[in-house]
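Please open the structure in a viewer and keep the selection tool at hand.

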Amino acid sequence: MFPLRNYATCVLLFLLVLSDFSVSQSQSPCAAKKKRMREKVRNMFYHAYDNYMTYAFPHDELKPLTKSFTNSLSELGNLKLEHLPQDYNGSALTLIESLSSLLIMGNNTEFERAVLWLSENLTFDVDARINLFECNIRVLGGLVSAHLLASDSSKKLFQGSYKNQLLVLAEDLGNRFLPAFNTPTGLPYAWINLKYGVMENETTETSTSGCGSLILEMGALSKMTGDPIYESVALRALRKLWSMQSSLELFGTTLDIATGQWIEYSSGIGAGVDSFYEYLLKAHILFGKEDFWKMFHSAYVAVQKYFKHGPWYHDADMRTGRATYWQLTSLQAFWPGLQVLIGDVIAANSSHREFFHVWKRFGVLPERYLLDHQMLHPTEKYYPLRPELAESTFYLYQATKDPWYIEVGESIVNSLNLYTKVEGGFASVKDVTTMQLEDHQHSFFLAEMCKYLYLLFDDSFVHENNYVFTTEGHPLPVQSSWHDELPEAYIPNNWTSLKRRSTVNGISAMSLQVCPATNLKSGQHIESACHIPDARSNYRCLTDEDCGVDATTCRRRTCSMAGYCGLWLII
Ligand code: DMJ
């Protein structure tokens with residue numbers, strides 16, 4: 001059980017509602033807290049952004065401790081680290097990654113300024129070996145998303161004079177990706193030189209995510225340019241990968257793109273595989289193709305069957321389904337958010353609660369925690385400002401409106417400010433046991449962490465339109481013109497049953513799939529995430545320790561003199 005503190009404000013709201021007081025939204029303590037937290041997150045974003053612009057721009061990322069920069073785009077990737085050519089000046093990666101966050105926070109002027117700077121200065125004609133997956137989700141995704149936002153007439157940007165500059169850049173980058181797919185299997189190389197294409201003796205090893213999570217960005221590029229090539233290479237790779245599943249419908253983590261053979265047969269829902277699952281579902285939402293849903297459905301069932309153990313997910317061998325590694329990794333924390341998209345909210349709640357428990361225990365989420373030994377992985381005690389827990393918290397709050405998630409968000413914000421904020425930005429944590437810092441502010445801190453936290457406290461952006469967020473947090477509007485057919489509606493808490501809506505007009509992918517709470521029939525309710533049952537089913541107790549947390553008010557129950565758990569304390 002995790003410690004429950006500071007529920008007072010939200011509890012008060014519930015008490016007032018229960019006592020039949022009429023309290024308007026704007027006056028409620030929760031609304032006030034959300035507003036206060038939103039401003040705190042905005043300040044965090046600008047602290048990170050301004051320091052990047054001062055000390056690192058136009059290089060890729062900020063080194064907040066030394067107030068210098070790193071050109072990290074060529075170093076990204078799980079498989080290998082490479083050094084940059086001396087003359088490589090970076091690609092303003094953090095600026096590209098910040099574009100949609102700027103707009104979500106209402107800074108249209110800075111968004112326009114950044115777009116103009118990028119259109120005049122960014123070039124991909126550089127002799128740099130980049131990681132295809134990372135460059136796709138960060139750079140192509142950032143450009144494609146910002147282009148769609150810039151050309152959204154309702155946002156009234158550039159006084160209507162936006163000239164598709166970001167699309168031109170995205171198309172150039174997409175073309176530079178194409179040689180990577182020129183392989184006997186159609187599976188792309190993990191690494192490519194932006195100027196010269198695939199290098200001689202390039203490694204043929206890649207990850208499942210590396211070839212299975214390109215479809216959102218490449219598919220969107222095809223829809224926008226009218227050129228089917230990007231979508232078709234990404235789709236060919238995905239289909240080839242799909243054909244490599246085991247008889248248990250499981251996948252491995254690494255493979256050889258030349259032979260189409262698996263290298264690492266063990267996998268889970270974390271590093272090397274995570275966004276593969278994510279993109280099957282999100283591609284269905286964005287492009288409306290039934291095929292993506294069928295693929296996701298069978299992959300999801302296999303994950304739940306072979307990896308899930310209570311609220312945890314261990315790794316397993318794709319051939320036998322036998323557990324291999326019992327570990328919690330920071331990247332796995334995106335899974336509850338994905339589960340919310342299909343309405344599997346109860347399962348999402350319980351896993352999210354465990355991730356947050358680990359966050360509270362260490363102050364942040366360690367990269368790897370060994371569940372079987374109940375200890376940190378000796379060499380992976382770091383926390384590089386990963387956003388996955390904040391991301392899932394945002395989705396769960398959207399789905400349940402349970403104020404407990406606001407408390408979780410506040411706790412995340414407080415930890416980040418306490419442990420990772422330095423004068424020059426936000427620094428990664430090298431070791432969660434000592435909170436020693438590392439000189440790196442990853443671009444996803446601005447693309448994802450600040451964005452999801454902001455949206456948790458102020459979701460007006462997602463009310464204006466229906467968006468699918470890429471794995472890097474870049475919003476892509478769901479539009480019927482991209483759909484072969486509109487997404488199915490899912491029944492909350494019974495995600496295996498599908499129901500086709502007779503009226504499709506005005507159907508929101510967000511409200512159908514992110515907010516199952518809005519689909520609930522009267523009388524139905526979602527279990528509160530804060531609910532902890534009493535130790536005994538008859539509510540009897542000897543001490544306060546025997547009492548749980550009330551589902552409706554999220555208040556701690558206490559033991560009465562007569563030996564019953566209840567909400568006896570008046571606050
Ligand atoms: C981000 O770059 C993306 O979310 C990616 O899918 C994996 N995780 C990192 C941040 O942790």
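**First stop: phenylalanine 469**

Select phenylalanine 469 and display its surroundings: apart from neighbours within four places in sequence, this residue is in contact with Glu278, Lys282, Tyr395, Lys451, Tyr452, Leu455, Phe461, Val462, His474 and Pro475. The model on display is a predicted one. Phenylalanine 469 belongs to strand S19, which covers residues 467-469. Is this residue buried or exposed? Phenylalanine 469 counts as buried, because its relative accessibility is 1% and the cut-off for buried is under 20%.

Glycine 141 and phenylalanine 469 are 328 residues apart along the chain, and their C-alpha atoms are separated by 9.9 Å.

**Second stop: the ligand**

The surrounding residues are Ile137, Arg138, Leu331, Arg386, Pro387, Glu388, Phe444, Glu448, Thr471 and Glu472. Sorted by class, this shell consists of 4 nonpolar, 1 polar and 5 charged residues.

- Glutamate 448: an N or O atom of its side chain is 2.9 Å from an oxygen atom of the ligand.
- Threonine 471: the distance from a side-chain N or O atom to an oxygen atom of the ligand is 2.6 Å.
- Glutamate 472: a polar side-chain atom lies 2.5 Å from an oxygen atom of the ligand.

On its own, the ligand has 290 Å² of accessible area, of which the protein covers 93%. To see which elements contribute two or more residues to the shell, colour helix H5 (132-150) and helix H16 (444-457).

Move to serine 98, which is located in helix H3, residues 93-104. Serine 98 has a relative accessible area of 0% and is therefore buried. Beyond four places in sequence, its contacts are Phe45, Tyr49 and Leu446.

**Last stop: confidence**

Finally, colour the model by pLDDT. The average for the protein is 85, and 82% of the residues score at least 70. Select residues 76-87, where pLDDT stays under 50; the model has 24 contacts beyond four places in sequence for this stretch. Then select residues 485-529, where the pLDDT is also below 50 and the model shows 98 contacts beyond near neighbours in sequence.

Key
Residues are numbered from 1 along each chain as its sequence is written. This is a predicted model: local features need pLDDT of at least 70, side-chain atom pairs count only at pLDDT 80 or more; totals for chains, interfaces and linings use all residues. Side-chain values use heavy atoms; hydrogens and water are left out. Helices (H or I, at least four residues) and strands (E, at least two) are DSSP runs, numbered from the N terminus. Buried means under 20% relative accessible area, exposed over 50%, partly exposed in between (1.4 Å probe, protein chains only). Contact means heavy atoms within 4.5 Å. A residue is near a molecule or strand if one of its heavy atoms lies within 4 Å of it. A polar contact is a pair of N or O atoms within 3.5 Å; within protein, one must be able to donate a hydrogen and the other to accept it, and residues adjacent in sequence count only if both atoms are side-chain atoms. Accessible areas come from the Shrake-Rupley method with a 1.4 Å probe; for residues, only the protein chains shown count as cover. Ala, Val, Leu, Ile, Met, Phe, Trp, Tyr, Cys and Pro count as nonpolar, Asp, Glu, Lys and Arg as charged, and the others, Gly among them, as polar. pLDDT is the predictor's confidence in each residue, from 0 to 100.
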